[in-house]
Amino acid sequence: MKIIKLKPYFSEKIWGGQELNNFGYQIPQDKKIGEAWIISAHPNGMSYLDSPGIPHQSLKDFFDQNREEFGNYQGEFPLLVKIITANDFLSVQVHPDDQYAKKHHQSLGKPESWYVLAAPENAQLIYGHHAKTRLELVSMVKNNQWEKLLKKVQIEVGDFVYVDAGKIHAITPGVVVYELQRSSDITYRFYDFEREDEYGKKRSLNIKDSLQVTTVPDSKDQIIKKAEKLIWSSSAFSLYLADVEKKEVFKLSKTEQPYWLQFTVISGEGTIHQEPFKKGESAIGIGNLEDVELVGKMKVLISWIRK
């Protein structure tokens with residue numbers, strides 16, 4: 001297996017701050033950075049190869065030019081991984097499924113998931129809604145009954161939350177998540193707490209699209225409390241937590257055979273396939289994916305899509 005480290009793209013947000021410094025990143029003091037796009041081939045936030053002896057280029061270009069090393073996967077690079085740090089509420093939002101996204105944006109849909117890295121005591125996320133019918137949803141939105149509409153759930157460090165397309169959601173102040181999602185940047189802003197931008201104007205909303213794509217009644221909650229080992233497996237993506245004390249050999253079952261692997265160290269340090277890693281570093285693993293050896297004291301999130 002060949003390990004290739006990646007340099008992230010940093011996204012400035014109205015709700016961002018300096019917390020990404022805690023992952024070893026160098027965030028300028030005058031910037032409110034909310035997201036690190038740590039494994040991304042999306043044009044809105046590109047990762048770049050950052051390993052010795054490998055030419056500097058975007059992940060997208062490398063993927064397009066070396067598909068045989070990615071299991072001959074066809075189509076655009078399908079996954080996007082971020083670390084999101086919230087100093088304030090994110091906008092209340094919802095994402096479209098594949099059919100709606102392709103029709104209106106020529107894009108993939110956006111199922112996504114969060115693994116909670118940090119959270120204040122008694123933290124909650126906005127996750128889902130209470131409307132029983134679409135007529136009730138429209139009425140609540142029209143009358144600004146957001147407290148009545150929005151559902152909140154308790155979360156803590158180590159929880160996993162799956163956010164399917166059509167699920168209303170928002171990350172809340174002080175929460176830090178590892179986000180694994182499909183490679184899509186289609187977000188419909190439903191509500192933004194009446195915030196204004198740097199020019200004193202309220203930020204734009206996407207009410208029409210939000211109402212059309214929201215699942216009604218609300219979809220089933222999919223939360224795994226204190227997730228361990230294989231956290232999630234689906235047709236969209238799979239995720240595994242390696243909690244390495246000294247040494248672990250990572251091997252997937254026949255049903256979980258990946259095109260390639262993606263690694264992010266969320267705490268500690270060590271080696272992955274003999275390559276040194278520390279907290280905040282991410283990489284892709286291509287080629288022969290048998291028996292990946294992880295050595296050290298660290299937690300590593302490993303993601304992939306199944307063949």
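The secondary structure of the protein comes to 5 helices and 23 strands, where helices (H or I, at least four residues) and strands (E, at least two) are DSSP runs numbered from the N terminus. The model is predicted: local features need pLDDT of at least 70, side-chain atom pairs count only at pLDDT 80 or more, and totals for chains, interfaces and linings use all residues. Residues are numbered from 1 along each chain as its sequence is written, and side-chain values use heavy atoms, with hydrogens and water left out.

**The whole chain**

Begin with the C-alpha trace. Its atoms fill a box of roughly 60 × 40 × 35 Å along the principal axes. The radius of gyration, taken over C-alpha atoms, is 19 Å, which agrees with the value near 19 Å for a compact globule of 307 residues (the globule rule is 2.2 Å times the number of residues to the power 0.38). Buried residues make up 53% of the 307 residues; buried means under 20% relative accessible area, exposed over 50% and partly exposed in between, with a 1.4 Å probe and protein chains only. Contact means heavy atoms within 4.5 Å. Among contacts between residues at least 6 apart in sequence, 75% join residues at least 24 apart.

**Helix α3**

Select residues 134-142, which form helix α3 and have L137, M140 and V141 as their buried residues. Viewed down the axis of α3, these buried residues fall within an arc of 95 degrees, so they line one face of the helix (the arc is that of the directions from the helix axis to the C-beta atoms). An α-helix has 3.6 residues a turn, so residues three or four places apart point the same way. Against which elements do the buried residues of α3 pack? Their partners are α4 (146-149), β15 (188-191) and α5 (207-213). Turn to the face away from the buried side to find the exposed residues L135 and K142. Just after α3, N144 takes a positive phi of about 55 degrees.

**The aromatic pairs**

Next, display the rings of Phe, Tyr and Trp (its six-membered ring), which pair if their centres lie within 6.5 Å; planes under 30 degrees apart count as stacked, over 60 as edge-to-face and the rest as tilted. The structure holds 23 such pairs. One of them joins F63 and F70: with ring centres 5.0 Å apart and planes at 80 degrees, the pair is edge-to-face. F63 is buried at 0% relative accessibility, and F70 is likewise buried at 0%.

Move to Y162 and W232, whose ring centres are 4.5 Å apart and whose planes lie at 20 degrees, so the pair is stacked. Y162 lies in strand β12 and W232 in strand β17 (residues 230-233), so the pair ties together parts that are 70 residues apart in sequence. Y162 counts as buried at 8% relative accessibility, and W232 does so at 14%. Leaving aside neighbours within four places in sequence, the contacts of Y162 include P111, Y127, Q222 and F237.

**The cluster and the lysines**

Select F62, F63, F70, Y73, F77, Y259 and W260 together; they form one aromatic cluster. A charge sits over a ring if NZ of Lys or CZ of Arg is within 6 Å of the ring centre and within 35 degrees of the ring normal. Finish at K279, whose charged end sits over the ring of F23, 4.8 Å from its centre.
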